[in-house]
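Here's a quick briefing to read alongside the model.

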2 protein chains.
Amino acid sequence: MNIGQAAKDSGVSAKMIRHYEQIGLIPKAERRDSGYRDYSPADVHVLRFIRRARDLGFAVAEINDLLDLWRDRSRQSADVKRIAKAHIANLRERIASLEQMAGTLETLIDCCAGDERPDCPILADLEDPAEFLNVASALNFRKAHP
Amino acid sequence: MNIGQAAKDSGVSAKMIRHYEQIGLIPKAERRDSGYRDYSPADVHVLRFIRRARDLGFAVAEINDLLDLWRDRSRQSADVKRIAKAHIANLRERIASLEQMAGTLETLIDCCAGDERPDCPILADLEDPAEFLNVASALNFRKAHP
DNA sequence: CTTGACCTTCCAACGATGGGAAGCCCCATC
DNA sequence: GATGGGGCTTCCCATCGTTGGAAGGTCAAG
């Protein structure tokens, strides 16, 4: 099948299929006489594997390792688990970082009147976090432990 | 002061200061006869504002808006709050997406023996999520609601 | 044979940041 | 006054995953 069909069937865009071929994540596709790439259902299967891994947030380098393990019939599931665990740790780190940001911002938003007046704790914090945030934290603390 | 000192004082690297100038986030710095950029404490203040906003995950476009509001003495705090709220929504979305990934992966990891055998639910899911994940979800459901 | 949808390659961009090269400037030390 | 080292300048490149577009060839239906 043509690359467009493979794209539809796998959920990976034609652009990305060519890209994955170019960076060596997938082998070079067969070509027809016309120069068109030709894909088999097995190729689509691989692409779906990649698509799923990307949906789970794996980086291309990790997907490369996972593909190697997938193809290796004598693999050890421990190897796969190790990669997955490392990736989870990475995800959890990013989540914690975003949570931290969101939490701080929510504290600030709670303190902001959000009306027509110019006074704004959010800007005050951006201007000088040490000045404002400590006060806000204290307020927050008193709200949480009245 | 030179760009290096401004970088140290603000926590924004010299590279990024030049970059922010180039993209118009900050005005073009004064130049000495030597061609060196010259920064005032007020400039450093702006840079620290930017640094803090980046720490809170604001994108450069949002920081641009925040800077405009910061400089606008007749601003309305509601405008700032709106930007902050939109940004939080964005953060929460990204968090939810990452949580989703981490949760799925953890379910899979729980189901993976992680030993020397090749059988691996993680790869099974990547290969065909519909096949495996439903089973895993059911298991998970039964674990959560025994 | 024409038309429109599809394919090809190549080049560029996003966002934020870092690395590095070539060349100039400034200050301290000899 | 010369020299050395560190800071500054501009410019280009890389990351990472993805998308967009231009210029041109191919295919299938009318």
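UniProt (unreviewed entry) puts a "coiled-coil region" at residues 81-108 of chain A; UniProt positions follow the numbering used here, feature names are shortened, and annotations may be inferred rather than shown by experiment. Over residues 81-108 of chain A the chain is 100% helix and 0% strand, with end C-alpha atoms 40 Å apart. Helices here are DSSP runs (H or I, at least four residues), strands are E runs of at least two, and both are numbered from the N terminus.

This is a predicted model: local features need pLDDT of at least 70, side-chain atom pairs count only at pLDDT 80 or more, and totals for chains, interfaces and linings use all residues. Residues are numbered from 1 along each chain as its sequence is written, while chains are lettered from A and ligands numbered from 1 in the order in which they are written.

**The other annotated stretch**
- UniProt also lists "domain: HTH merR-type" (unreviewed entry) at residues 1-69 of chain A.
- Over residues 1-69, chain A is 61% helix and 6% strand, and the end C-alpha atoms sit 27 Å apart.
- Buried residues in H3(A) include Val44(A), Leu47(A), Phe49(A) and Ile50(A), along with the charged pair Asp43(A) and Arg52(A). Buried takes 20 or more other C-beta atoms within 10 Å of a residue's own, exposed 12 or fewer, and partly exposed is in between, with C-beta atoms placed from the backbone.
- After H3(A) comes Gly57(A), with a positive phi near 85 degrees.

**How the two chains meet**
- The contact takes 47 residues from chain B and 47 from chain A, where contact means C-beta atoms, placed from the backbone, within 7 Å.
- On the side of chain B that touches chain A, helices H3 (41-55), H4 (60-71), H5 (77-111) and H6 (121-127) of chain B each supply at least two residues.
- H5(B) gives the largest share of that side, 21 residues.
- By class, that side of chain B has 26 nonpolar, seven polar and 14 charged residues. Nonpolar means Ala, Val, Leu, Ile, Met, Phe, Trp, Tyr, Cys and Pro; charged means Asp, Glu, Lys and Arg; the others, Gly among them, are polar.
- 100% of the interface residues of chain B are also interface residues in chain A, so the copies meet through the same surface.

- Ile122(B) lies in helix H6 of chain B and counts as buried, with 26 C-beta neighbours inside 10 Å.
- Ile122(B) touches Val80(A), Lys81(A) and Ala84(A), plus Leu108(B), Ile109(B) and Cys112(B), leaving out residues up to four places away in sequence.

**DNA**
- 20 residues surround DNA strand C, the closest being Asn2(A), Gly4(A), Arg37(A), Ser34(B) and Val60(B); near means a C-beta atom, placed from the backbone, within 6 Å.
- For DNA strand D, 20 residues surround it, with Ser34(A), Ala59(A), Asn2(B), Gly4(B) and Arg37(B) closest.

Key
Two residues are in contact if their C-beta atoms, placed from the backbone, lie within 7 Å.
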